[in-house]
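The entries below follow the order in which I looked things up.

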Amino acid sequence: MIPLMRPALADAEGPYVTRLRTSRIGTASDDAILIEGADDGSVFSGRLGLVVIDGVRAEDLDGDIVLVDPRRGRVERLLRVGSTTNTLLVTERCDQLCVMCSQPPKKTHVDRFDLLEEACRLAPDGMLIGISGGEPTLYKERLLTLIERTLAARPDLGFHVLTNAQHFEASDVARLGRSAYRRVSWGIPLYASEAALHDNIVGKEGAFAKLEEGLAHLAMAGARVELRTVVLSDNIDAFPALAGYVAARLRFVEAWSIMQLEHIGFARNRWEQLFFDHVQRFGPIAEALNRALLHGVRAQLFNFPRCTVPAAYRRLAIASISDWKRKFAPACLRCGERSACSGFFEWHPDEQAALAVQPL
Ligand code: SF4
């Protein structure tokens, strides 16, 4: 795993975005070019001065888009040219407080939309850029402006926005229906078809009702939606009913992703209370998958190591964890399905991973 942020020194005063390059061939004015490289650090030179990055080889940074913050002496890797998944965090504020939140929200917001838009414009051809928070649509106008201006300049790019869908209004329907938004998909969490259970999990009374409204507006706009449901002890027995609800009311969605819990954020300290071990009882998930697939809903399993899923459903368990935050257990070296497997999050306890795997 390569860390996202590195100590750095730079000449400029305010934060700025640049692309790091190890060669001058095909460079642009926004690029910073390698002038000195070693195993333990690199020096790049760009139009805003020198960027000195500690602890990463230049070859591992070539083509990456970074945010340089000279005052804090930090460089943040925003977009990795070699990664299939890149996500920009636009705010740490959120209006929900999910029991298992992987990125617990903060009260403050630092507006970086202009810098992030610059980063998007420098992205490699055809990149799909994830946007997350916090809750991105707390800054809906800034968010939609970033998306629209970026796609006007770079129609080859695409966006996948993680949102709780609490803030879409009828007045947004025409805008979200514009052709540019065919290159945008919305990843939306839904934890149960029973309002009280969903509200309880997201820590907000009335969230389910607001979510239904938001989904209706997105459906009216012809938006591309991926539903996301994290498996929890609290909602496992509600999965079959949720599948019925999705099949009956939300069949317009592009996909329904059923996700195993991440051992991070709030879930780290509440693991015993929240984690449901699907290896011990896969029945409710199987029933939900059967119902969804029967009605033409494209259901898929995220963060489920393939060997932990019954063979009949294994094809639905996809390699959902980004390469830079994924790990495998030692026994996985003998497995023939490793290239198609999600493996485990880097922060998953080693002993649990070792106990779970059964090489295929
Ligand atoms: S043994 Fe490892 S690589 Fe193979 S399916 Fe299980 S977790 Fe994945």
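Is the crossing of H6 and H9 left-handed or right-handed? I looked this up in a predicted model, and the crossing of the two helices, H6 and H9, is right-handed.

**Entry: geometry of the pair.** I noted that two packed helices are described by the angle between their axes and the distance between the axes. For helix H6 (residues 239–249) and helix H9 (residues 283–294), I found axes that come within 8 Å and cross at roughly 15°. Angles under 35 degrees count as roughly parallel, and H6 and H9 are therefore roughly parallel to each other.

**Entry: residues in contact.** Which residues of H6 meet H9? On the H6 side I listed Phe-239, Pro-240, Ala-241, Ala-243 and Gly-244. Their counterparts in H9 are Pro-284, Glu-287, Ala-288, Arg-291 and Ala-292. Sorted by class, the contact of H6 with H9 holds 7 nonpolar, 1 polar and 2 charged residues.

**Entry: the whole chain.** I then turned to the protein chain, whose secondary structure comes to 10 helices and 16 strands. Along the principal axes, its C-alpha atoms fill a box of roughly 60 × 55 × 35 Å. A compact globule of 360 residues would have a radius of gyration near 21 Å, and the protein chain, with 21 Å, therefore agrees.

Entry: Among contacts with a separation of 6 or more, residues 24 or more positions apart account for 67%.

Terms used. Residues are numbered from 1 along each chain as its sequence is written. This is a predicted model: local features need pLDDT of at least 70, side-chain atom pairs count only at pLDDT 80 or more; totals for chains, interfaces and linings use all residues. Side-chain values use heavy atoms; hydrogens and water are left out. Axes are lines fitted to C-alpha atoms, for helices over the stretch in contact, and angles run from 0 to 180 degrees between N-to-C directions. Helices (H or I, at least four residues) and strands (E, at least two) are DSSP runs, numbered from the N terminus. Angles under 35 degrees count as roughly parallel, over 145 as roughly antiparallel, 65 to 115 as roughly perpendicular and the rest as oblique. A crossing is left-handed if the near helix is turned anticlockwise from the far one by less than a right angle, and right-handed if clockwise. Contact means heavy atoms within 4.5 Å. Ala, Val, Leu, Ile, Met, Phe, Trp, Tyr, Cys and Pro count as nonpolar, Asp, Glu, Lys and Arg as charged, and the others, Gly among them, as polar. The radius of gyration is taken over C-alpha atoms; the globule rule is 2.2 Å times the number of residues to the power 0.38.
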